[in-house]
Every structure is written in structure tokens, then in C-alpha cells.
Amino acid sequence: MKTEIRPGIYWVGAIDWDLRDFHGYTTPKGSTYNAYLIVDEKVALVDTVKEPFKDELLARISEIVDPEKIDYLIVNHLERDHFGSFAGVMEVAKNAQVYSGTMGRKGIVDVYGERWPVTAVKTGSTLSLGKKTLRFIETPMMHWPDSMMTYVEEDKVLLSSDAFGQHVASSERFDRDASFDPVAEAKTYYANILMPFSHLIQSLLSKVPELNLQPEIIAPDHGVIWTDPGKIIEAYGRWSRFEARPRVVIAYDTMWGSTEKMAHLLAEGVMDEGGVEVKFFNIRKSTNSEIISEIQDAKAVLLGSATLNNGIFPPVGGFLYYLKGLRPQNKIAMGFGSFGWMGGAVKEITARLKETDMEVLDGLEIRYPATKAQVEQCRETGRMIARKVKGGQ
Ligand SMILES: Cc1cc2nc3c(=O)[nH]c(=O)nc-3n(C[C@H](O)[C@H](O)[C@H](O)COP(=O)(O)O)c2cc1C
Ligand SMILES: [Fe+2]
Ligand SMILES: [Fe+2]
């Protein structure tokens, strides 16, 4: 079945129904690798797919034109989920000329030398296909040095590469038909992939008028295509500004249950105050990606760990490392946990949290299981955090 987005612009990607892990990001719903074919006097293919899906891509293209007739292959991004089939496609599309950004060209030449000529484009460069014009926008470090977007001027279609994507495999290609909430899925994607580049997204969003972009359709490289782009642009604005809800995320791990008990007491304390959501995760029983998605727009993060061998319990250490790399902002953070003798986990969590831009509170440490007085201390700490989240002290 052909999927035409606008006259002459087709989705020709692949659906990865079985994908459950995308470089560590848990993808319970699979994903798609979207590629786009633009048929005019000249034929352009924008992006390819993960290598094992090359034949699926070529079959979809063949329903529309003979792949040998592709004149231009536009490489928006060199990550293997979009570039993996590049060489395979070039072997079929024998006469295709390759266009990519400055860093994209360099990356292609590093791998393939001068086997295929590659033209480097910059923001504002255009390529005429006849009636349609492609305009390129380099978006370095959003999220790789080579990242760029391609805008089909006359149709107002923005082929946005990874930005605005969602990891969901579905039979539906458009937001309006989606059998899932595409904004919620886009949030998980944003939180796990794009959060560290929020300042660049802010800067791109502010430059939309100067770049003269008026996208009526945003077609990302994963998930459904946005026919109502206002909705996802508004959400990207909120996420990149780190707008937060009155929500406390409690994520912890435990060996013998004492840290877990503290986590429950903190949650009870937050709930005592009312008006603040609690999201509660045992790190080993949850996925990093789902926890991060809740943290994206939460006002506070409480990270708990038992002390093991003078330090952090490794599952919590792994999560903390992941969180820190995503460079969260505009949040209150606190470490907590149980220890037996010298402790170490909470001190270490607090030190690492202080390396982020979050406001870090003094950690809460308890020897073995909480005593009666400490039970109240944990609960009161939860109440104090809820009050802070609501804006009081
Ligand atoms: C294998 C192991 C190693 C531990 N290492 C330390 C340690 O180096 N320093 C410390 O203060 N407590 C250490 N403890 C004690 C635990 O931190 C203590 O039992 C704590 O109450 C466990 O919290 P939990 O019930 O949340 O697992 C260790 C416990 C175990 C089982
Ligand atoms: Fe990517
Ligand atoms: Fe991707």
C-alpha cells in the first residue's frame, strides 16, 4: 500500500515490530524507520533504514518508481537506523548523487572514501527537483554532529530526522489515525534522546521565523507523521524549557527492604500534603526509559540506594549515570538510602547530583531499618518536598 503524504511525497520506510531495545532504550512497542521518497522531474530519497530492512525499503520504493531512477539520496543523519542501508541503496540507485550536511559528508567520506560523490549542503542550500525545492537546515548536535533536516518548500513538509519522533511500530502512519497517544510517546523519545540538547531545540524553535519555516506537516524518522504540527511544536517548547508539573518521581533500589521502606514513607509524606503526584519506581523492576519519561516534566526526583561496599547499589548507579548524562534542569533532587556501618551511597548520589543543574537537597540516610522516630523523619521529609514542589518552603 502506498502512503502519500502530499502529492508526490511518499513514506517508504520500514516497520520494526519486534524491536524491544534501541541502544539501551527499552522499546516495548517497537519502532519504525521512516524514509521519504519525493517524485518530481527528479526523484529524491530522504534517508534510508536500518540495514536488515533494506529490502522492505526498496520494495516500497518499487511500488512508486524503479529504485534505479533515484536521482538524489539525501542523508539527514548518519546513525545506523537511517544510514545502515545507504550502501545497499546506492548499489541499486546507481546514478544517485548524495547530499548531506558538512559533517554528514565528512562521515560518509570517512567510511566510503570517494566511492560516491557527496555534495555538502549548509543551512539555506537548496536543491530543485523540478516543481519542488528541497531546502536544508543543519541542526548539529540535535542529536549527532551530522544531524540535519530537509524542508520541501512548496509543500511545507519538514522531514525532521530524529526530532519529533516516537518509538512505536504501528499500522497507522499519521498522528490523526494513531491508535496510541503520539504526544505521550514523543515525550518518552524526547526525554531519552533529546533532553541533553534542549538548549539547541530552544534555539531552533526561536529561529523558525528567520528560517522561514511554516511546516504544515512534520515527518520524523520514527513513528507517526504530524499533520497537526502545532501540537508537537508546542510540546517541544514545553519540554525544552523543562516546564515541570507538581510531580515527585521516587526511584530506588534495595537489598533488604530498608531503602524501599524509606521510599514508601517519602511517598506517603508527599501524598499527605496533597496536590502533588507521586511516581514510584523500583529501578530493577522498571526500565530506565519509562522512569526518565516521568522525570522529564517532574519537579522533583528522589533517588534511593542501599549502600553496598561503601558505595551505590549498582542498578541505582547505572540509572544515576544515565540521568546525569541527560542533563536534567529545573528540578529539585535528593538522595536517600539505608546503610549498615560507614554508609557511602547517599553521599555519592548527592555528589553526583550536584554535578547537574538540579537543586540538590541534603540527603536522607538511615542506619538499617528506620526506627519509629526515623519513620516520622522520612515522612516529614516527603511533606517538606511536596511543599517545595508546590512553591512554598
Ligand atoms: C553485600 C553487602 C555489602 C554491604 N556493604 C556495606 C558498606 O560497605 N557500608 C555500609 O555502610 N553498609 C553496607 N552494607 C549494609 C547495608 O547497607 C545495610 O544492610 C542497609 O540497611 C541495606 O539497605 P536495604 O535494606 O535497603 O538493602 C552492606 C550489605 C550487604 C548485604
Ligand atoms: Fe539518531
Ligand atoms: Fe533515529
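How are the donor residues of the iron ion (ligand 3) spaced in sequence? They follow the pattern D-H-x79-D-x59-H.

This is a predicted model, in which local features need pLDDT of at least 70 and side-chain atom pairs count only at pLDDT 80 or more, while totals for chains, interfaces and linings use all residues. Residues are numbered from 1 along each chain as its sequence is written, and ligands are numbered from 1 in the order in which they are written.

**View 1. Donors of the iron ion (ligand 3).** Asp 81 (OD), His 82 (NE2), Asp 162 (OD) and His 222 (NE2) coordinate this ion at 2.1 to 2.2 Å; donors are N, O and S atoms within 2.8 Å of the metal (3.2 Å for Na, K and Ca), and water is not among the atoms, so sites may look incomplete. Asp 81 is buried at 3% relative accessibility, and His 82 is buried at 1% (buried means under 20% relative accessible area, with a 1.4 Å probe and protein chains only).

**View 2. The two iron ions.** The iron ion (ligand 3) lies 3.5 Å from the iron ion (ligand 2), and Asp 162 coordinates both.

**View 3. The largest nonpolar core.** Leu 37, Leu 45, Ile 61, Phe 86 and Ile 232 touch the most other members among its 56 residues; such a core is a set of buried Ala, Val, Leu, Ile, Met, Phe, Trp, Tyr and Cys residues joined through side-chain atoms within 4.5 Å. Helix 5 contributes the most to this core, with six residues (helices are DSSP runs of H or I, at least four residues, numbered from the N terminus).

Note on methods. Heavy atoms only, no water. Buried < 20%, exposed > 50% of the residue type's maximum accessible area, 1.4 Å probe, protein only. Helix = DSSP H or I, 4+ residues; strand = E, 2+ residues; numbered from the N terminus.
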